[in-house]
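Reader: I am new to this structure. Please show me how to read its features, one at a time.

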Amino acid sequence: MKKNKSFTKVIRSQAMKKVVKILKLKGIDLSKMKALEIFAREGDWQTLSYADKVASLEAWEIDPSFKKGLKKNLRNAKIKITDSIKEISKKANFYKYDFIVVDNPQYCYGPKLEHCEHFSVIPKIAKLLNNKGVIIFNINKQPFGFDTLPLWQNRRSDFYGVKDTSKMSVNWLLDFYKKLFMKFGYKTKIRFNVPRKTKDSGNYLHYLVFFIEKND
């Protein structure tokens with residue numbers, strides 16, 4: 001188990017390093033950006049791949065048992081032990097950030113399983129951005145064991161507006177989120193995906209990366 005966790009950590013770190021490299025090649029200067037990591041855990045997987053490249057970093061995590069690890073791994077970050085879902089709706093956090101990473105869980109979560117993947121976060125997240133910025137989040141194009149999880153099936157169908165979400169094209173998903181951000185008043189300037197390959201997930205999990213800018 002420990003070996004698998006270490007393997008996953010390395011793979012996620014490599015994937016985020018690739019994201020950062022691509023953004024740099026596309027002319028995005030992270031050194032001037034205020035970053036936010038949502039669902040941060042201990043900050044030792046993907047966050048370290050960009051933490052020293054941004055102007056500032058804030059990390060949100062609901063589980064207090066991760067606080068010690070967060071402080072150790074992200075020494076210069078502002079750590080908040082908080083419910084990320086509630087935090088994104090606070091006006092004090094609006095228009096503060098330029099670089100947002102949402103390491104969302106798979107399946108459904110919350111005391112009553114009221115949340116699923118990033119579906120509760122994405123509709124509100126644009127308000128956290130300044131006039132423009134980078135948003136990075138997970139998508140699962142082909143969930144494992146999906147046929148035995150009707151709740152997950154229903155939540156995905158409701159969010160994506162299609163009946164069958166068991167196997168989805170990354171290009172379709174990139175178009176879906178481009179249109180979604182457009183509804184929030186943002187135009188997409190850059191978009192791409194990077195697979196998050198792990199021993200268990202193959203290439204089902206991907207980072208979707210969007211650089212969006214508020215419409216005039």
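**Charges and burial**

Author: Start with Lys96, which is partly exposed at a relative accessible area of 27%. Buried means under 20% relative accessible area, exposed means over 50%, and partly exposed lies in between (1.4 Å probe, protein chains only). This is a predicted model: local features need pLDDT of at least 70, side-chain atom pairs count only at pLDDT 80 or more, and totals for chains, interfaces and linings use all residues. Residues are numbered from 1 along each chain as its sequence is written, and side-chain values use heavy atoms, with hydrogens and water left out.

Reader: Which residue meets Lys96 in a salt bridge?

Author: First the idea. Side chains of opposite charge can pair when their charged atoms come close. The rule here asks for a side-chain nitrogen of Lys or Arg within 4 Å of a carboxyl oxygen of Asp or Glu. Now the case: the side chain of Lys96 meets that of Glu58, at 3.9 Å from N to O. This pair links distant parts of the chain, 38 residues apart: Lys96 sits in the loop between helix H3 (84–87) and S4, and Glu58 sits in strand S2. Helices (H or I, at least four residues) and strands (E, at least two) are DSSP runs, numbered from the N terminus.

Reader: Is Glu58 buried or exposed?

Author: Glu58 counts as buried because its relative accessible area is 6%. Its strand, S2, covers residues 56–61.

Reader: What else does the side chain of Glu58 make polar contacts with?

Author: A polar contact is a pair of N or O atoms within 3.5 Å; within protein, one must be able to donate a hydrogen and the other to accept it, and residues adjacent in sequence count only if both atoms are side-chain atoms. The side chain of Glu58 makes one with the side chain of Trp60, at 2.8 Å. It makes another with the side chain of Tyr97, at 3.2 Å. For plain contact, heavy atoms must come within 4.5 Å. Leaving out residues up to four places away in sequence, Glu58 touches Ala35, Leu36, Glu37, Lys78, Lys80, Lys96 and Tyr97.

Reader: How many salt bridges are found in the whole structure?

Author: The search finds eight. Glu87 and Lys90 form one of them, with their closest N and O atoms 3.3 Å apart. Glu87 is buried at 4%, while Lys90 is partly exposed at 41%. A network of salt bridges links Glu58, Lys80, Glu87, Lys90 and Lys96.

Arg191 and Asp175 meet through their side chains in a salt bridge too, at 2.7 Å from N to O. Arg191 lies in strand S8 (residues 186–195) and Asp175 in helix H6, so this pair ties together parts 16 residues apart in sequence. Arg191 is partly exposed at 32%, and Asp175 is partly exposed at 34%.

Reader: How many disulfides does the rule count?

Author: The rule wants a pair of cysteine sulfur atoms within 2.5 Å. The count is zero. Take Cys108: its nearest cysteine sulfur is that of Cys116, 3.7 Å away, and Cys108 is in no disulfide. Cys108 is buried at 7%, and Cys116 is buried at 3%.

Reader: How many aromatic pairs are there?

Author: A pair of aromatic rings is described by the distance of the centres and the angle of the planes. Rings of Phe, Tyr and Trp (its six-membered ring) pair if their centres lie within 6.5 Å; planes under 30 degrees apart are stacked, over 60 edge-to-face, and the rest tilted. That gives 21 pairs. Phe119 and Tyr160 make an edge-to-face one, 5.6 Å centre to centre with 85 degrees between the planes. Phe119 is in the loop between strand S6 (115–116) and H4, and Tyr160 is in helix H5, 41 residues apart. Phe119 and Tyr160 are both buried. Ring pairs also join a cluster, including Phe119, Phe137, Tyr160, Tyr177 and Phe181.

Reader: Which residues have the most contacts inside the largest nonpolar core?

Author: A nonpolar core is a set of buried Ala, Val, Leu, Ile, Met, Phe, Trp, Tyr and Cys residues joined through side-chain atoms within 4.5 Å. The largest has 39 residues, and Ile38, Leu128, Phe137 and Tyr177 have the most contacts inside it. H6 gives the largest share, seven residues. Apart from this core lies another, of 27 residues, among them Val20, Leu57, Phe99 and Phe192.
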